[in-house]
Amino acid sequence: MPSSYEDHRRVQTAVIGDKKSDIAIILPMAAAELARWRKQHPNYTYWCGILLGGCGEPLTDRLYHSKVCHFAHHPHHQCNRTANGEDSADHLFVKRAVHQWLDSQRLRGGVQLRSIGQGPGDALDVDVRDTDRRLRFQLSHVEHADWRRIARELDGDDADSVDWVFGMQSMPPHELLDRDGYTFRIRFDTQGAARCPYIGTQRLSGVIEWTPFEECRLTPEGLRTPTVEAILAERRPSASPPPGLRAEPLPVVAKARARSRDELVGDLRQALELDARWRTRPTWRRLAHTVNMDLAQYNSSELRDLLIDVDRQADKDEPVLSALLQAEDGDPLPYLGSITYSLGLGNPGSSPVIKR
C-alpha cells in the first residue's frame, strides 16, 4: 500500500495562476497528451489551490511514459489535502459552467462556494437576481436531518424558489420527490483538461435522464430540462387520465372566480385526485394555485372542515385524499388526525399508518 507521502504527491487536479485561483485543471494522464498541453500553454503555473482544500503551494506536472502523469509538490513538502482525484475540482468546474450558462441566457446572478464542514467543494449557491430564483448544487453527501436544517436556512419563507441539484453520492430527500414528482442530480464527464457537468432529472421511479448543463433553461418557475417539461406536460389537467381514475381532470381557470362551498370542495377533490394520480404531495399554497383561489382567507379549522367534506364525497373504500397534503416543512398536516377521526377512521398514530 502506498504511503500517505506518496498519496499526497499523486495529485490529479490543480488551479492555474496562483493559490487563490478558481480556474481548475485536470492534468492529462497520457504522456503524449501532456506533451501537447505543455506546448499549448508554456506559461501556465499550477498550484495546490486553497479552493481545492490544498496547501497553497506550487505544483509541478510530471510526465511519465510508464505510468499515469500527475501533479506533484516539491520534494519533501507535506500537504494535508485529502481530495486529490479527478473529481476533486468538480465544484470549480461547475462554478465556471454556471457563469457561462448565466451569460448565455443573459441572466445576472451571484455564484458562491459553500462549505458545510467537509471542505470548500461541499456546495455551490446561485442567486439569480433577474428571476428571483436560487439554485443549490449539493455536491457532497449530507445526512437528511442536516439537509432539512440547511434547507430551512436557505429557503427562508419561499421554499418553492430554490432548485436543489444533488451529487451522485447523495440520495435526494423524499420531500422534493413527493412535492415535485422529480428531482435534479449532477454528474461530470472528463473532456480533455476539464470536467463537463450534466444535469439529471430523476423521476419517482428512480430513472435518471441526463441533459448537458448548457441545454438546461431557467424560468421564473424554476430549472427546466427536457425531462421536466415532459413530466409537467403529463401532469397538466388536459392529459388523459389512466384507466380506473374516477374523476375528470380539473379545468384550467383563467382567473379566480366566485364559487359556492360545494364547488370549492369539488375543485379541491379533483385537484387532489390529480396529485394522487402523479404521486405528488401538495402544500396548501400549491393547492390554492391549482384551484385558482386564495385559501389564505380560511383559518386552520375551516381548512380542516373543507378537507373533511372533500373526503366525505369518496366511496367507503377509497383512500383519504387529505393525507396527501403536507405542511410547508414536509410534515403531515397537524390536524390530519382530526380529519380521519371525523371520517370514522380513527386517529393515525404513526407515519407508516398515515402513508398507508
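pLDDT is the predictor's confidence in each residue, on a scale from 0 to 100. A contact means heavy atoms within 4.5 Å. This is a predicted model, in which local features need pLDDT of at least 70, side-chain atom pairs count only at pLDDT 80 or more, and totals for chains, interfaces and linings use all residues. Residues are numbered from 1 along each chain as its sequence is written, and side-chain values use heavy atoms, leaving out hydrogens and water.

The chain averages a pLDDT of 82. Residues 1-9 stay under 50, with 18 contacts beyond four places in sequence. Residues 238-256 are also below 50, and this stretch has 28 contacts beyond near neighbours in sequence. Where pLDDT is low, the predicted coordinates should not be read in detail.

Seven strands form an open sheet with mixed pairing, in the order β6-β7-β8-β9-β10-β11-β12. Strands are DSSP runs of E (at least two residues) and helices are runs of H or I (at least four), numbered from the N terminus. Two strands pair if DSSP finds at least two bridges between them. The edge strands are β6 (109-114) and β12 (208-212). Strands β6 and β7 (residues 123-128) run antiparallel, joined by six bridges.

Angles run from 0 to 180 degrees between N-to-C directions, with axes fitted to C-alpha atoms, for helices over the stretch in contact.

| Helix | Angle |
|---|---|
| α3 (residues 90-104) | about 175 degrees to β6 |
| α6 (residues 226-235) | about 15 degrees to β11 |
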